[in-house]
Amino acid sequence: INHIVHNGGLYKRPFNEAFEETPMLVAVLTYVGYGVLTLFGYLRDFMRQWKIEKCQNATEREEQKDFVPLYQDFENFYNRNLYMRIRDSWNRPICSVPGAKVDMMERVSHDYNWTFTYTGRVIKDIINMGSYNYLGFAQNAGTCQEAAAKVLSQYGAGVCSTRQEMGNLDKHEELEKLVARFLGVESAMAYGMGFATNSMNIPALVGKGCLILSDELNHASLVLGARLSGATIRIFKHNNMQSLEKLLKDAIVHGQPRTRRPWKKILILVEGIYSMEGSIVRLPEVIALKKKYKSYLYLDEAHSIGALGPTGRGVVEYFGLNPEDVDVMMGTFTKSFGAAGGYIGGKKELIDYLRTYSHSAVYATSMSPPVVEQIITSMKCIMGEDGTTVGKARVQQLAENTRYFRRRLKEMGFIIYGNEDSPVVPLMLYMPAKIGAFGREMLKRNIGVVVVGFPATPIIESRARFCLSAAHTKEMLDTALKEINEVGDLLQLKYSRHRLVPLLDRPFDETTYEETED
Amino acid sequence: VQEKEELIEEWQPEPLVPPVPKDHPALNYNVVSGPPTHVITVNGKECINFASFNFLGLLDNEKVKSAAQASLKKYGVGTCGPRGFYGTFDVHLELEERLAKFMRTEEAIIYSYGFATIASAIPAYSKRGDIVFVDEAACFAIQKGLQASRSNIKLFKHNDMADLERLLKEQETEDQKNLRKARVTRRFIVVEGLYMNTGDVCPLPELIKLKYKYKVRIFLEESLSFGVLGEHGRGITEHFGINIDDIDLISANMENSLASIGGFCCGRSFIIDHQRLSGQGYCFSASLPPLLAAAAIEALNIMEDNPDIFQTLRAKCKRIHKALQGISGLKVVGESFSPALHLQLEESCGSRENDVKLLKRVVDYCMNGGIALTQARYLEKEEKCLPAPSIRVVITVEQTEQELDKAASLLKEAAQSVLN
């Protein structure tokens, strides 16, 4: 069943998003699995405490044993007993460019993941389904790399000063003009780290007496930025427009909690693509609400810039909307441009204000010149200004890969979350043992995948997450799909009953919760 | 319902941002064309660079650049992922090992942004209910880390150990009232090795004594002192001859002496390993581009091979510190061996705005004479203890004695013409 668009007219194309319900048996078994692990955890802790089992944790210094303990025992329970068992699925070291195929350093553990040793062998040509390389710009040869090499030999690697002091190079100004042109906004500003772009600019925009409405599943950087600003934070259910509208109405009608004074401003924080769910924000409805209730919209396009839209301009182009409707367009250069850093685009007054009052402009070192050059070259390539059609071809290739991959996985019977057009594909695993098993089995078959569990996801909804890339050829995708099919049968992962619950039928409950800084 | 509709109609929000006047001093950036090295072209004029924190002159070192080029050819530019998801490269592991070996600690951890290093490290250990004693002159990154941690902050006067001891004693008497709570409340002291805002060092030996007397852990921020103080550039612990295991956590950024980007924390594995799962800037952000990590490794190699550059740097700092004494109207703020000094007005002319304008005229005069300087920038409304407006003077190992003397005499002239 396709989701029926009820705000007909706002959406110019079908919006197909689905989150299949967890089968009851699977949920029960998952809880049982975690229960068993917890019991064993207590048993092992008991044995470690009574010295029956050797304790391999690092410990406090002898001279400082009578200090207040640095960590609570309970904080690390999950770390010691659950995370440690499957620790080899993460932090896998690689030693080549993170393109469609990657070389990994082999590591083994002889004491159940407490320590790793490198055998010195390199596992070559692993199909990389974990790196955020949407348009395939993670390359070590070609126009982008040559341009970056030239700038590196001319400018050096570092800058050693902040933007407001002596760190504003002509390269940075060139980049900012280009980003503004790419997004279709008046002006833009670039920063050295995507995480820091959020955590340092949201406090500059809102403060005490303002209200932030943030999506349930927002990224840690948005949450940190909202907390540091000192504004009141209220959370609405993920991508749920009725929840958002209710919060907006309540906020304007009732005002601030104790004093009943009206709010100074309301800022809505949403992301373009949510990286754990694979869902796309309902931007037309959000913009309609924002206009009706006179609030401001902060759109974090970390994963969607370059990956959505017919020419890669992001989620605004995907829905055919006007970029001027979004007050603050934020994004990162790490994913689709193969570089590092973040940007904010918007009206000239906004950017002038940020140039003066952003924490990053005053206290943080500016971007490294070769990284800036990589962004400039890749952005020009996407826009077609380098004289080739390579950029457009890549954007189309990514869209095709996305559709093909998702369709095939659904046909095989896996539960896949998210929107049909999102290049982030979460495949549900649920049970804790399968998290480790899936990662290891896929690696044996030379495919690198990313698995995530608690606390990045709710406790029973652990998943494997595939990130598609324009650099993946059809052969690579077919190989990967074949192996996923095999492993899916081996681990019994094909939970889907092809019963998609339309999102409108999900009951909307009245609970809203807020967080205040007192 | 009618009333609600009316309220919604009537409510008018503030504009998203207030307008910024065109002549705001922080709005018009200096534009540097070309690399920000020893000879720098600012706003079209060629000057000697006294404003970039390029202490060891490694920004245009050929060996560093070729190491970065080799890394660029092998890995490309970006890492396309956080450390947990295929973003860990062998260069990162190598850099962490090298830093730990250089600083003689067990382990080191790298961040991709200097500001985020201490701002993520503090909230990983200090939570709501814990107590942190921090110096008044702590830099903004420390302040943001403390704000994110939601702990109780107690400020003590800059470098005043008596004030700190008073606060610690007060805390001790508080503890007696509620022993159960005191047993789980963690305590930390956060200080900088060489303070960015005042240019002086913290009295580390006394701090160590206080640490063991009152059972408080020390977090040391060494962004300016790493690669500057100490016989081999290991920072303030080498400068004072203190056992590095006595400091719980050392955090520094690689953007000053190492002329790269990013930051690192080093210490015992017991402490550092915790950040790999709870350091926000580490777990939720893409890792450092490999070419910058390779540049940092090469810079470390140079530091280890030429330990005499630190002496040379300190001698130059002493020289210019002496030369800048006695300028009428300006006073020098900072230790004689600190490579980042401040020049403040001896007498303020009433308002901060006017002071800033006056200092700008001094800076412009020097720029016209061929010495690039800058004012120290702060966010006036956000800082806890806002320092007075000042001109930042940075000494690097590449500046010759003639250039140092020229800078000193130009500043004297500027002060004469502008301030009298």
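A salt bridge is counted here where a side-chain nitrogen of Lys or Arg lies within 4 Å of a carboxyl oxygen of Asp or Glu. Across the interface of domain 1 and domain 2 of chain B, in this predicted model, that rule finds zero salt bridges. Polar contacts do occur there: seven residue pairs, both partners at pLDDT 80 or more, are counted between domain 1 of chain B and domain 2 of chain B. On the domain 1 side of this contact, helix H13 (309–323) and strand E13 (340–345) of chain B each provide at least two residues. H13(B) gives the most, with three residues. Sorted by class, the residues of domain 1 of chain B that touch domain 2 of chain B comprise 15 nonpolar, four polar and six charged.

The layout of chain B puts these counts in context. Contact between the two involves 25 residues of domain 1 of chain B and 30 residues of domain 2 of chain B. Three residues stand out on the domain 1 side: Leu58(B), Phe310(B) and Lys384(B) supply 26% of the area that domain 1 of chain B buries against domain 2 of chain B, more than any other three residues. An unreviewed UniProt entry lists residues 46–409 of chain B under "domain: Aminotransferase class I/classII large". That span is 44% helix and 17% strand, and its end C-alpha atoms lie 18 Å apart.

Chain A is likewise divided into a domain 1 (19–128 + 389–499) and a domain 2 (143–383). Here 20 residues from domain 1 of chain A meet 18 residues from domain 2 of chain A. The C-alpha centres of the two domains of chain A are 29 Å apart. The area buried between them is about 1,400 Å², of which 62% comes from carbon and sulfur atoms. At this interface in chain A the rule finds one salt bridge. Six residue pairs in polar contact, both at pLDDT 80 or more, are also found across the interface of domain 1 and domain 2 of chain A. H13 (390–412), E12 (418–419), E13 (424–428) and E16 (463–467) of chain A each supply at least two residues of the domain 1 side, and H13(A) gives the most, with six residues. For chain A, the UniProt annotation "domain: Aminotransferase class I/classII large" (unreviewed entry) covers residues 124–484.

Between the chains, 113 residues of chain B are in contact with 112 residues of chain A. Chain B and chain A bury about 10,000 Å² between them, 63% of it on carbon and sulfur atoms. Trp11(B), Tyr29(B) and Tyr86(B) supply 10% of the area that chain B buries against chain A, more than any other three residues. Four salt bridges are counted between chain B and chain A. Lys215(B) and Asp66(A) form a salt bridge, with their closest N and O atoms 3.3 Å apart. Polar contacts between chain B and chain A number 44 residue pairs, both at pLDDT 80 or more. Helix H2 (residues 62–75) of chain B gives the most to the side that touches chain A, with seven residues. By class, that side of chain B has 59 nonpolar, 27 polar and 27 charged residues.

Methods
Residues numbered from 1 in each chain as written. Chains lettered and ligands numbered in written order. Predicted model: local features only at pLDDT ≥ 70, side-chain atom pairs only at ≥ 80, totals over all residues. Heavy atoms only, no water. Contact = heavy atoms within 4.5 Å. Buried area = accessible area lost by both parts, 1.4 Å probe. Polar contact = N/O pair within 3.5 Å; in protein donor to acceptor, adjacent residues only side chain to side chain. Helix = DSSP H or I, 4+ residues; strand = E, 2+ residues; numbered from the N terminus. Nonpolar A, V, L, I, M, F, W, Y, C, P; charged D, E, K, R; others polar. UniProt positions renumbered as here; feature names shortened; annotations may be inferred. Domains from an automatic or database assignment.
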